[in-house]
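Dear colleague,

Please find below the structure that I am handing over to you, followed by an account of what was found in it.

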Amino acid sequence: MGITLSQKDNGYSQGFSVFEKEAPGSEIGWLKTTRQEAITKFLELGFPTLKDEDWRFTNLAAIARSSFDILENGLDKVSSSDLAPYQFQNDNVVELVFVNGHYSEQLSKTADLPNGVIVKSLAHAIETEQDILQDNLAKYADFTSEAFTALNTAFMTDGGFIFIPKGTIFETPIHLLYISTGGQQPSITNPRNLIIAEANAEANIVEHYASLNDDVYLSNVVTEIVVGENSSIGHYMIELESRNAFNVSTLRVQQARSSNIKSHSILMGGSLVRNNVHPVLAGEGCDSLINGLFMSTNRQHMDNYMKVEHASPHCDSRQLYNGVLDGRSRGVFHGRIIVHEDAQKTDAKQTNRNLLLSDNAQIDTKPQLEIYADDVKCTHGATIGQIDENALFYLRSRGISKDASRDIIMNAFTNETFESMSVEPVKEYCANLVTNWFSLRKQEQAA
């Protein structure tokens, strides 16, 4: 399509006018209307600035002043062997591969699915699953007040579509692997994922974002998950973008009665990363876990914005987010728990721990409670510190070298994140990422 998006010369508006004519489902009335409403909102909102309270620690000027090409595809730039570093040590996986935001059937691994289970690209689903999409797509992620969600909704082209029907327990992990090859100019992709689990269903989904080079690009991701009554979804987010890339990801979860969501995030790549996680516990008796680890170095900036909404009574939520920061990197944790008036007997707990490995690393943490019910139990806490000297002394007093003692302490800190992960191949993959991160750090210090 040859579209370039820029704030200069009304570029986003002009780019959209070209895009919407060729976009998947451009002839479908409700989808066309949704995209048009979204671009209108984005043009009204613009990119957030430091004056926006939810973005006060993250400067988006580098994104706002850039021009981004929408790449047609990069399917010929990727082979199966290129994917090996991003695949799990388990053949029992359904894997959809996207290159520069476009689905590749050739690179993907499909399998015989149980009756009623649907796993396909969103572009394909627009052709075949219109009734489900019309009822759910863009119904939960708020494009009326969130600029990046509006931008994604206006330019959404492809992504993962997963439907788990009533009463189905689908044990095979579903891997959505997004590979960026970049281009000569900065580029943009807007992956859009829709995951629906009907009542009494279970599944595990992995979103995985990686790059084959160090190009500049923006991944603007939006995922909507609808969890039916008594259903359970495990969601994994692995972010390994180019060190020159921007990644803004929004996960919006809608939970029905007695449902369960476990969200796990591992963030390591990117120059500027913003991870939004927003579950709404809409039905009585829900459980929600937000678990994450971010590790930054050099001048990386990683911003984690967690917003948990308790909208019904007798719901429990837990947040456990750990950060490891090195070099001159900067981290942000903004955890917000909202307990609505009807959400009596809420039990919510938020914990953020941060380990600074450098005197120049910086973390801003902002736990926040908004409680409008009177019979609740809500706590939050945040810690920032360097390696515990008492623990280091204890280990050294038992004959363990200083380097080995530091390794033990750092591994103990990061391993906490893996304890609640239930998909072993994914858990092992993430643990190896952490091990490699520490090994690379040692090599750089020794050089």
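In what follows, helices (H or I, at least four residues) and strands (E, at least two) are DSSP runs, numbered from the N terminus. Please bear in mind throughout that this is a predicted model.

I begin with two loop residues. Asn230 is placed in the loop between strand 11 and strand 12. Most residues other than glycine have a negative phi. Asn230, although not a glycine, has a positive phi of about 60°. Its relative accessible area is 44%, so Asn230 is partly exposed, given that this class lies between the 20% limit for buried and the 50% limit for exposed. His314 is located in the loop between strand 17 (301–310) and strand 18. His314 likewise is not a glycine and has a positive phi of about 60°. With a relative accessibility of 44%, His314 counts as partly exposed.

Strands of a sheet pair through backbone hydrogen bonds, either parallel or antiparallel. Strand 10 (residues 202–211) pairs with strand 12 (residues 232–240) in the parallel sense, over 9 bridges. Tyr209 has Glu239 in strand 12 as its bridge partner. Strand 12 also pairs with strand 14 in the parallel sense, over 8 bridges, and here Ser232 has Asn260 in strand 14 as its bridge partner. Strand 14 and strand 16 run parallel and are joined by 8 bridges. The bridge partner of Ser263 is Ile290 in strand 16.

How much of strand 14 is buried? Of its 8 residues, 7 are buried, so strand 14 is largely enclosed by the rest of the structure.

Strand 11 (residues 217–227) runs parallel to strand 13 and is joined to it by 10 bridges. Strand 13 also pairs with strand 15 (residues 272–281) in the parallel sense, over 10 bridges. Ser249 takes part in both pairings: Val221 stands opposite Ser249, and Asn275 in strand 15 is the bridge partner of Ser249.

A glycine also deserves mention. Gly159 is found in the loop between helix 7 (147–155) and strand 6 (160–164). Not counting residues up to four places away in sequence, Gly159 touches Phe98, Lys120, Ser121, Leu122, Tyr178, Arg192 and Asn193. Gly159 and Ile363 are 204 residues apart in sequence, and their C-alpha atoms are 33 Å apart in space.

The last item is a helix pair. Two packed helices are described by the angle between their axes and the distance between the axes. Helix 8 (residues 389–396) packs with helix 9 (residues 402–415) at an angle of about 125°, and their axes are 9 Å apart. That angle makes helix 8 oblique to helix 9. The crossing of helix 8 past helix 9 is right-handed. From helix 8, Ala391, Leu392, Leu395 and Arg396 meet Lys402, Ser405, Arg406, Ile408 and Ile409 in helix 9. By class, this contact has 5 nonpolar, 1 polar and 3 charged residues.

With kind regards

Definitions and conventions
Residues numbered from 1 in each chain as written. Predicted model: local features only at pLDDT ≥ 70, side-chain atom pairs only at ≥ 80, totals over all residues. Heavy atoms only, no water. Axes fitted to C-alpha atoms, helices over the stretch in contact; angles between N-to-C directions. Parallel < 35°, antiparallel > 145°, perpendicular 65-115°, else oblique. Left-handed = near helix turned anticlockwise from the far one by under 90°. Contact = heavy atoms within 4.5 Å. Nonpolar A, V, L, I, M, F, W, Y, C, P; charged D, E, K, R; others polar. Pairing = 2+ DSSP bridges. Buried < 20%, exposed > 50% of the residue type's maximum accessible area, 1.4 Å probe, protein only.
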